[in-house]
Amino acid sequence: MSYENPQIVEVAELLKARFAELPNKAEILKATELKGLFAEISSLQPAQRGMFGKEVNALRSELEQMVGEHTAATEALPPIDVTAPFDVNVAADKRPQLLPSEQGSKHPLTTELEAVLDIFYRMGFTAVESREIDDDWHMFGSLNFPEGHPARDDYDTFMTVEKDQNGKPFIAPAHTSTMQNRVLQKYKANLENGKPIAVLLPGRVFRNEDLDARHEHTFNQFEGVYVDRGIHAGNLLATFKTFLSEYYQQEIEIKSQPFYFPFTEPSFELALSCPFCHKKGCHICSHTGWIELLGMGMIHPNVLKAAGIDAAEFTGFAWGCGLERLVMMKYGVEDIRHFHAANLTFLRQFV
C-alpha cells in the first residue's frame, strides 16, 4: 500500500522491515513509531489532521492484516492422508492391527439398555432411536410447550447458533419426547387397522445441569408411547409396574402423585418401592422405602392433534425414564458420573 505523507512512508518501510525479523509478529502493533504517529495527530492543524489520520489508520490496518495472514499460515495444519492407516497398497501384514474384540466388553449402559429393550419387545413395543440434534417444533411446539415457557430458554436447554427455516435455533434435545410427534405420525396407520401405537424411544439427552452424584448434563433416556382406543392411566401404571418387576426380577410396588408436564394431562411422578430394602428404609432410598423415578402421564390431546390423531377417539400414555438412574438402583451405584468416567476399575465390575 502506498502513502503520500513522507513521514508515514518512512515509518511504514521501517516497520515492515522489522516485521520480518520479529519472532512474535503481533509485537509490531505495539511499535513506538506507530504510537508516535497517532500521538502526532492532535498536534496538527485541523486541515492536515484528516488526511494524516486516515493514512495512519491505514498503516495500522495493513500491519494487522500482515499479522493475521502470518498467524493463519502458521496455524494451517498439514493435509491428512485419508487412506491411512489402511492404505490398500500396503501389504496386509504390514498394516496397523486393531485390538482383538475379545479384549473388549460392552459398556454397562449398553448391556442394560438391551435388557430394557428385550422386556418391551416382549410386551409388544417396537423401538425407534432418538436423535441428538433437533428443531424447535419437535422439541417444543409439537409437545404443547407454549411460547415463553422456561424450557425454551437457553439457560436450561443447550441450543446451537445455527437456525432452522423458521429462524429458531437447533437444539440438543433435553428429552427423547422430541421423537414423539414423528412416531405418532409414522405409526398412526396402526390405529386405522385396529392395532395400537406402541413405541419405545431410547437415546441420549442433554440438560444444562449442575453436576453431582445424581445429575449429569448428558445421560440416556428411554421414552414409551402407547396409543389406542380406551387407554387410561390404569393401563400406564400397570405397564410400568410390569416392566419394573421384570427388570429387577422381584415384585415391585409403585405409587404416583400429581405433577405437571405440558405434553401430558393428567401427569404423574412415579416412585417405586426400594428394591434393596423392600420398603424397610436404607441409604439408597434415603430411609423412606421409596425411590422417585420418572415422570409420566396421559398424552395431551393437543399432542395427538399435532400428529393428526383424533383425540376424541383415541387416547394414550407416555413416560420418560433415565437409564442411568434405573441401572444405579439395580447395582447400587452411588455416583452417576462413574458411567462416563472411563474408569476401568468401575467398568470391569460389569464384565
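Me: Is Cys-321 buried or exposed?
Reply: This is a predicted model, in which local features need pLDDT of at least 70, side-chain atom pairs count only at pLDDT 80 or more, and totals for chains, interfaces and linings use all residues. Residues are numbered from 1 along each chain as its sequence is written, and side-chain values use heavy atoms, with hydrogens and water left out. Buried means under 20% relative accessible area, exposed over 50%, and partly exposed in between, with a 1.4 Å probe and protein chains only. Because the relative accessibility of Cys-321 is 0%, this residue is buried.

Me: How many disulfides does a search of the whole structure find?
Reply: A disulfide is a pair of cysteine sulfur atoms within 2.5 Å. The sulfur of Cys-277 has its closest cysteine sulfur in Cys-274, at 3.7 Å, which is too far for a bond. Cys-321 is also in no disulfide, since the nearest cysteine sulfur, that of Cys-274, is 15 Å away. Over the whole structure, the number of disulfides found is 0.

Me: How confident is the predictor, and which element has the highest mean pLDDT?
Reply: The pLDDT is the predictor's confidence in each residue, from 0 to 100. For the protein the mean is 88, and 94% of its residues reach 70 or more. Helices (H or I, at least four residues) and strands (E, at least two) are DSSP runs, numbered from the N terminus. Helix H3 (residues 46-75) has the lowest mean, 85, while the highest, 96, belongs to strand E1 (residues 126-127).

Me: Which element supplies the largest share of the lining of the largest pocket?
Reply: On a 1 Å grid over the protein atoms alone, a pocket is an open set of points where a 1.4 Å probe fits, with protein on both sides within 12 Å along at least five of seven lines; lining residues have an atom within 4 Å of a point. Of the 42 lining residues, those closest to the centre are Arg-207, Glu-209, Phe-219, Gln-221 and Phe-261. Elements that each supply at least two residues include strand E5 (218-228) and helix H9 (323-331). The largest share, 6 residues, comes from E8.

Me: Which element gives the most to the lining of the second largest pocket?
Reply: The residues lining this pocket include Arg-214, His-283, Arg-325, Met-328 and Met-329. With 3 residues, the element that gives the most is H9.
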